[in-house]
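Visitor: I have not looked at this structure before. Could you show me how to read its features one at a time?

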Amino acid sequence: MATQTTPRESTTETGATGHLPQVTERRVEPMPLDMDWLRSVQANTSAIERRAAALPARRSLKKAHQAAWLLRAVTCIDLTTLSGDDTARRVERLCAKARQPIAPDLLDALGMASITTGAVCVYHEMIPAARRALEGTNIPIAAVSTGFPAGLSPLELRIREIEMSVEAGATEIDIVISRRHVLSGDWQALYDEMRAFREACGEAHVKAILATGELGSLRNVARASLVCMMAGADFIKTSTGKESVNATLPVSLVMIRAIREYYERTGVRVGYKPAGGISKAKDAITYLALMKEELGDRWLQPDLFRFGASSLLGDIERQLEHHVTGNYSAAYRHATS
Ligand SMILES: O=C[C@H](O)COP(=O)(O)O
C-alpha cells in the first residue's frame with residue numbers, strides 16, 4: 001500500500017482587477033515521488049479513444065450560449081508567438097491583442113465589459129518587449145524555457161534559463177520535460193528534474209510541457225502527468241506546438257483524468273493547458289466542455305485552464321462577429337491572432 005504524503009496547495013485570493021476575472025493565486029507544493037501510485041496507473045486506450053471520438057458530436061451550443069463560451073475561451077488563451085523570426089514589433093502587436101482581444105463594439109453588443117487573454121507566451125528574448133507592451137495591465141507573461149522545444153541542452157543551462165526568465169519578468173514558466181526519462185521509465189530522474197525546475201521558478205508558476213506526441217503511449221502520458229504533479233507542477237501542458245502530433249482529445253482525456261485523480265487523492269488542484277494545433281472556435285468549445293464534464297466548473301477559470309494557441313483567437317473573433325452581425329469577416333482582418 002502506498003504511503004500517502006499529502007502535498008500542500010498554497011492559495012492567496014487576489015482582488016478583481018477590472019480586466020481579469022477574480023482568480024485565486026495557487027501554488028502547488030511538491031510531494032515525495034510515490035512509486036506505488038505510479039505503478040498502479042493504467043490507460044485503457046480503446047475506451048479513451050471511444051470517449052474522445054464522441055465528444056465533438058455531443059456539443060452543439062447555439063447563439064448566446066456559444067458566445068458566452070467563446071468569451072470564456074478568450075480569457076483562457078495564452079496568446080502565443082514562438083517563431084524563429086519573432087521581433088519586438090510582433091510581440092508588441094501580440095500584446096495589443098492580449099490587452100484588447102475582442103473589438104469594443106462587439107463586446108458592447110454582447111453586453112460584456114473589457115476582457116483580456118489569460119497570458120501572452122513568448123521566448124525568453126521577447127520578455128522585455130512583452131513587459132513594455134503590457135505595462136499597466138495584470139496580464140501575465142509566460143516564457144517557454146529549458147531548451148524549448150527539445151529540452152536537450154545541459155541541465156545547468158536549462159535551470160539558469162528559468163532563473164533568467166524570472167529575473168526578466170516572466171511570471172509563468174513553460175518548461176519542457178526530458179522525454180528520454182519517460183521513454184526509459186526513469187521516473188526518479190523525471191521527478192528530480194521537475195523538482196529542480198520548480199525550485200528555479202521561485203514564485204513564478206510552472207507549467208510542465210510533456211510533449212505527449214513523443215511519449216510513446218497513453219500510459220506514459222498518464223504516468224508523466226502524475227510525476228510532474230508530484231514534483232510541484234502548477235499546470236501540465238500537452239505539447240510545445242512543434243511536435244508532429246500536438247494536443248489531441250484522447251491525450252487530453254488522460255491528462256485531465258490524471259489531474260482529477262490527483263485532486264481526489266491529495267486535494268490539490270493542478271491546471272491543464274492543451275497546446276498546439278488548436279485554431280478553431282468549435283474545438284475550443286469542445287475542450288471547455290471536456291473540462292466541465294471531467295473536472296467541473298472550477299477548472300474553467302484561467303488559473304486552472306489555458307489554451308496554448310497562436311491563431312485560435314482570430315477564429316473566435318470571426319465567430320463572435322458572425323453572432324453579432326450575421327456576417328463573417330475575412331480572416332485577414334484578424335491576422336495577429
Ligand atoms: O504553446 C503554444 C503552442 O506553441 C502554440 O501552437 P499553435 O501555433 O499551433 O497554436
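Predicted model: local features only at pLDDT ≥ 70, side-chain atom pairs only at ≥ 80, totals over all residues.

Visitor: How many residues of α10 are buried?

Guide: In α10, 12 of the 13 residues are buried, so the helix is mostly covered. Among them are Leu218, Asn220, Arg223, Leu226 and Met230. After the helix comes Gly232, with a positive phi near 100°.

Visitor: What does the length check give for helix α11?

Guide: Helix α11 runs over residues 249-266, and at 1.5 Å a residue its 18 residues should span 26 Å; the end C-alpha atoms are 25 Å apart, which agrees. Its buried residues include Leu249, Val254, Ile259, Tyr262 and Thr266. Gly267 follows α11, and its phi is positive, near 80°.

Visitor: Now the sheet. What holds strands side by side?

Guide: In general, the strands of a sheet pair through backbone hydrogen bonds, and the pairing is either parallel or antiparallel. Here an open sheet has 8 strands, in the order β9-β8-β7-β6-β5-β4-β3-β10, with parallel pairing. β9 (271-273) and β10 (307-309) stand at the edges, and each has a single partner strand, so one side of each has no neighbour in the sheet. On average, neighbouring strands of this sheet are turned by 25° against each other, direction ignored.

Visitor: Which residues of β6 point to which side, and are they buried or exposed?

Guide: In a regular strand the side chains alternate between the two faces of the sheet. In β6, Glu172, Asp174 and Val176 are on one side, Ile173 and Ile175 are on the other, and all are buried. The count for the strand is 5 of 5 residues buried.

Visitor: Which residues of β4 point each way?

Guide: From β4 (residues 119-122), Ala119 and Cys121 point one way and Val120 and Val122 the other way; all are buried. β4 pairs with β3 (residues 77-80) in the parallel sense over 3 bridges, and Leu79 has Val120 as its bridge partner. Another 3 bridges join β4 to β5, and these strands run parallel. Val120 stands opposite Ile141 in β5. The chain goes from β4 to β5 through helix α6 (residues 127-134), and the β-α-β crossover is right-handed.

Visitor: What should I look for in the backbone angles?

Guide: Most residues other than glycine have a negative phi, and most peptide bonds are trans. Exceptions are worth noting. Thr146, in the loop between β5 and α7, has a positive phi near 60°. Ala211 is not a glycine either, and has a positive phi of about 55°; Ala211 lies in the loop between β7 and α10.

Visitor: Why are Thr146 and Ala211 called buried?

Guide: A residue counts as buried if 20 or more other C-beta atoms lie within 10 Å of its own. Thr146 has 29 other C-beta atoms within 10 Å, so Thr146 is buried. Ala211 has 27 within 10 Å, so Ala211 is buried as well.

Visitor: Which peptide bond is cis?

Guide: The bond from Phe148 to Pro149 is cis, with omega near 0°. Pro149 is in the loop between β5 and α7.

Visitor: Last, which residues are around the ligand?

Guide: They include Thr80, Leu82, Cys121, Thr240, Gly241 and Ala275. Gly308, Ala309, Ser310 and Ser311 are also among them.

Visitor: How many residues of that shell are nonpolar, polar or charged?

Guide: The shell around the ligand divides into 4 nonpolar residues, 8 polar residues and no charged ones.

Terms used: Residues numbered from 1 in each chain as written. Near = placed C-beta within 6 Å. Nonpolar A, V, L, I, M, F, W, Y, C, P; charged D, E, K, R; others polar. Pairing = 2+ DSSP bridges. Helix = DSSP H or I, 4+ residues; strand = E, 2+ residues; numbered from the N terminus. Axes fitted to C-alpha atoms, helices over the stretch in contact; angles between N-to-C directions. Expected span 1.5 Å × (residues − 1). Right-handed = clockwise from strand over helix to strand, strands pointing away.
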